[in-house]
Amino acid sequence: MSPGASRVENAEVARIFREVAELLDIQGANAFRIRAYRNAARAIEEWPAPIGPMARKQPAQLTDIPGIGADLAGKIGEIVKTGRLHLLAELARASPRGAVELLRVPGIGPRRARVLAEDAGVRTLEGLARAARAGRLRGLPGFGARSEQAILRHLAQPAALGDHRMLRATAVPYAQALVEHLRAVAPARAIEVAGSYRRRRDTVGDLDLLVASDTPKRVVERFTSYPGVVEVMARGATRAAIRLASGLQVDLRVLAPACWGAGLYYFTGSKAHNIAVRKLAAARGLKVNEYGVWRGARQVGGAREQDVFDAVGLPWIPPELREDRGEIEAAQAGTLPRLVEAKDLRGDLQCHSTDSDGHDTLETMARAAEERGYAYLAITDHSPSVRVAQGLDRRGFLAQMRRIDRLNAKLKTLTVLKGAEVDIHADGTLDLDDDTLAALDIVLVAIHSKFELPAREQTRRVVMALSHPSVDVFAHPTGRAIGRRAPVAFDLAAVVRAALEHGVMLEVNAQPERLDLDDVRCRAAIEGGARITIGSDAHSTDELALLPFGVDQARRGWARQADVANTRPLAGLLKLLHGGR
Ligand code: DGT
Ligand code: CA
Ligand code: CA
Ligand code: ZN
């Protein structure tokens, strides 16, 4: 069984515990109890072993997981056994309906959600929008004209209302578990998750599962009887659609083996890309659809995906590029980029330790990176003004640098780079003194406040920060959090010019909620001549494993190996850094 498939229960337990924490929070429950559920969710998600078999065979061992006592262990057992948690249903019954939806709006926490429900009768996003437009929020306890404006701005974004996309990373264990389940009726090479999932988009609307088989009935039967199904939404001879408890919807199509390639191609999309390729086919007197490549009524290809590309005279195009954003023209001209791959990366250029807000010590992080075979790991703890992260001050960084020297003397194949993630103040100055900055091997700068500055001020702030002679990397440049916080407004072209002028690189941050730069901005930055870095921003050893999600986003951003600084061996990387190593 693949590691991802067996971890689907970790994902489910974590999801349910998080929902419990949210509902407890809305009800104003004890803060320790709420935190216990949140911490447990995180610990279970990061627990390296599958929790399902453990709960079934050795339930006593569940308490080995940090933050799991007898009570939570019992609840894990209940979820693993029954797929649900009685407590959650009870809490949901006792909570104002829609309150959880309101929590997705930036600036609305549990307290404000309760005020909205109890004092203003606002229980839905639509209700919230109405109340904000009518100016009825500003009088409520904890609300003012400013927060009312911010809420209106958020709700005006097209994605704010009724868009239930899931982070792709969240969907991975669910997808892998389903694929595993279907292995009983088809070999691995005959199963594929297509759609936006295969194109490695940062979020997915649903999953599009394809199976090549001569016995579609068996496949449909197996699919709809998956234990995680809460609703079978459609069922036909060769297709079906289900919904899982997480809300994720999955479409299944069973394809005849002779049509596999054409179906895989069609359902990978994107729609815009498909339409453009179909036009090329039509110009050659061919028809391309999900069943094959056709000349009149005769099928001339479609068993392999390559058949479709051959039919229109194109080389194979990686799914990540299939967005009709110039990939077809590039394929025709023979200028498709050879995209960076996860195995090209030699190290990780952003992570945190217990010295700021990480969960593992400097040494533990380094050992874990060494075990991954990395040549280097930049430890980039926060600077002091990021108070929630308990950042280091000058003395703290100097002490950490001495510890890194001692650690490097002991490590065999890994070099720890002395780094920092330095906060950019609102005026563009940096949150650490020049001498300390100059002593570091690698300086990341980032925005952690004043996200809402107007574009001109934001651009000026960033350009000033990048012009500091010690700065190497602009980390998670737009500060977006998918579904929660929009990207800051700045003039990307001006920022890229400043980055080029001062030898600063732009990060593609691999945290699934960030994936920042996004695909379009990453490509624009590279086309503008900038170099990028990919950083996991790990806050624990397990999160080092997030790095490939950053690679996915960089690939969608047309990044080649040479565009990514941390594909270089250590000596080559150091040439790109200002630090005096
Ligand atoms: P999503 O689910 O919103 O993240 O995005 P996709 O790309 O997975 O879209 P989805 O699930 O609606 O459909 C899967 C693929 O099927 C899509 O990428 C392309 C193909 N497809 C769907 N509808 C059409 C259509 O009307 N025309 C064409 N040419 N292809 C379509
Ligand atoms: Ca889809
Ligand atoms: Ca779909
Ligand atoms: Zn940060």
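Modeller: Asp 206 bridges the calcium ion (ligand 2) and the calcium ion (ligand 3), which lie 3.7 Å apart. This is a predicted model, in which local features need pLDDT of at least 70 and side-chain atom pairs count only at pLDDT 80 or more, while totals for chains, interfaces and linings use all residues. Residues are numbered from 1 along each chain as its sequence is written, chains are lettered from A and ligands numbered from 1 in the order in which they are written, and side-chain values use heavy atoms, without hydrogens and water.

Donors are N, O and S atoms within 2.8 Å of the metal (3.2 Å for Na, K and Ca); water is not among the atoms, so sites may look incomplete.

Asp 208 counts as buried because its relative accessibility is 16%, buried meaning under 20% relative accessible area (1.4 Å probe, protein chains only). Asp 208, Leu 210 and Ala 212 point one way from S4, and Leu 207, Leu 209 and Val 211 the other.

Two strands pair if DSSP finds at least two bridges between them. S4 runs antiparallel to strand S2 (residues 191–193), with 3 bridges, and parallel to strand S7 (residues 249–255), with 6 bridges. Leu 210 is the bridge partner of Glu 192, and its own partner in S7 is Arg 253.

Definitions and conventions. Buried < 20%, exposed > 50% of the residue type's maximum accessible area, 1.4 Å probe, protein only. Helix = DSSP H or I, 4+ residues; strand = E, 2+ residues; numbered from the N terminus.
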